[in-house]
Amino acid sequence: MSYLEKIKKLNNFTIDNKMQFVIDDVPISWIRNNVVSYFIESGFFQKEGDILTFLPVYDDFQSRTDALTQFAKKALSDGVTNRFMSEPYAVRPLLKAPPLCLADRGIASLMGLLSMGQHLNGYVCTDKGIKMWIARRSFDKGNYAGKLDHLVAGGLPYGIDLDENLYKECYEEAGITRQLAQCAKNVGVVSYQYEYLRGGHRDILYCYDLELPADFTPVCTDGEVEAFYLMDIEEVADMVQKSDEFKPNCNLVIIDFLVRHGYLTTENEDYIEIVQGLR
């Protein structure tokens, strides 16, 4: 499988067999038809013609947020989702639009919500070239258990700024001190629209590069990582291109790294499509 195919695979979103979710006449997302009845039966939503929306009683920011918190807990208890994360995501149509309410991250896919996260490429420069620290996700994680992952990666909850969330994730996932994390460089974003297991939505990932000392050894402090590996960048690139070892969105962030650091160049016949496809 080529790099371009990996990008296309993560942009397979379609509105087929979905119903539009609307708040105050503002289109928010698309929800799969096969769960619309579950939304309605929960007692928080209703159909109005060909759209899904809140019941009239939920008519402001707080009441809708409270309703979605109850809905998220119900969805978990009913086995419709597999997690309640206590991480609030903004419910809004566009990145810069003011949030109309908040929803737990655990129902972001189910509701098709615009989501944001942060991924950090932790690497070491050696005499033989770049090596990248790679994490293996815990085998008891709810999603993508046992898959390879970035050294640091996580969602961006509502109400915390990019820097503070990055420092928190760096310490929790790899034992990176705040002082070292402050050396991370914000190098842009990648975005995609993907059909997850429970629903499709758009993700925006803020990307960071952090050059680590040669004697650095990551330590997981939150139990979400099974193991760490320091791998030659060529080996990482080969695995991204030829295997499904990595959590899917990591592929895009690593491809972006390969472009920026000159490992993936115009000699690749798909170069332009690759660069465009990352965003």
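Guide: A strand here is a DSSP run of E with at least two residues, and strands are numbered from the N terminus. This model is predicted.

Visitor: Where is Asp-24, in those terms?

Guide: Asp-24 sits in the loop between strand 1 and strand 2.

Visitor: What makes the phi of Asp-24 worth a look?

Guide: Most residues other than glycine have a negative phi. Asp-24 is not a glycine, yet its phi is positive, about 50 degrees. Asn-17 is another non-glycine residue with a positive phi, near 60 degrees. Asn-17 lies in the loop between helix 1 and strand 1.

Visitor: Why is Asn-17 called exposed?

Guide: Exposed means over 50% relative accessible area. Asn-17 has 60%, so it counts as exposed.

Visitor: What makes strand 2 and strand 3 edge strands?

Guide: Four strands form an open sheet in the order 2-1-4-3, with mixed pairing. Strand 2 (26-32) and strand 3 (45-48) each have a single partner strand, so one side of each has no neighbour in the sheet. The average twist from one strand to the next is 35 degrees.

Visitor: How do you know that strand 3 and strand 4 pair?

Guide: Pairing takes at least two bridges. Strand 3 and strand 4 (residues 51-54) share four bridges, so they pair, in the antiparallel sense. Phe-45 stands opposite Phe-54 of strand 4. Two residues lie between the strands of this hairpin, where Gly-49 has a positive phi near 70 degrees.

Visitor: What about strand 1 and strand 4?

Guide: These strands run parallel, joined by two bridges. The cut-off is at least two, so they pair as well. Phe-21 has Leu-52 in strand 4 as its bridge partner.

Visitor: Why is Glu-87 with Arg-105 called a salt bridge?

Guide: The closest N and O atoms of Glu-87 and Arg-105 are 3.2 Å apart, so the pair qualifies. The two residues are 18 residues apart in the chain. Glu-87 is in the loop between helix 3 and strand 5, and Arg-105 is in the loop between strand 6 and helix 4.

Visitor: Is Glu-87 buried or exposed?

Guide: Buried means under 20%. Glu-87 has 17% relative accessibility, so it counts as buried.

Visitor: Why does Lys-6 have no salt bridge?

Guide: The nearest side chain of opposite charge, Asp-244, is 4.1 Å away. A polar atom of the Lys-6 side chain does lie 2.5 Å from the backbone oxygen of Ser-243. That is within the 3.5 Å limit of a polar contact.

Visitor: How do you know that Asp-256 and Arg-260 form a salt bridge?

Guide: Their side chains meet at 2.9 Å, N to O. The limit is 4 Å, so they pass. Both are in helix 8 (residues 248-260), four residues apart, about one helical turn. Asp-256 is buried at 3% relative accessibility, while Arg-260 is partly exposed at 30%. Shared partners join Asp-209, Asp-256, Arg-260 and Arg-279 into one salt-bridge network.

Visitor: How many salt bridges does the whole structure hold?

Guide: The search finds 15.

Note on methods
Residues are numbered from 1 along each chain as its sequence is written. This is a predicted model: local features need pLDDT of at least 70, side-chain atom pairs count only at pLDDT 80 or more; totals for chains, interfaces and linings use all residues. Side-chain values use heavy atoms; hydrogens and water are left out. Buried means under 20% relative accessible area, exposed over 50%, partly exposed in between (1.4 Å probe, protein chains only). Lys and Arg count as positive and Asp and Glu as negative; His and the chain ends are not counted. A polar contact is a pair of N or O atoms within 3.5 Å; within protein, one must be able to donate a hydrogen and the other to accept it, and residues adjacent in sequence count only if both atoms are side-chain atoms. Axes are lines fitted to C-alpha atoms, for helices over the stretch in contact, and angles run from 0 to 180 degrees between N-to-C directions.
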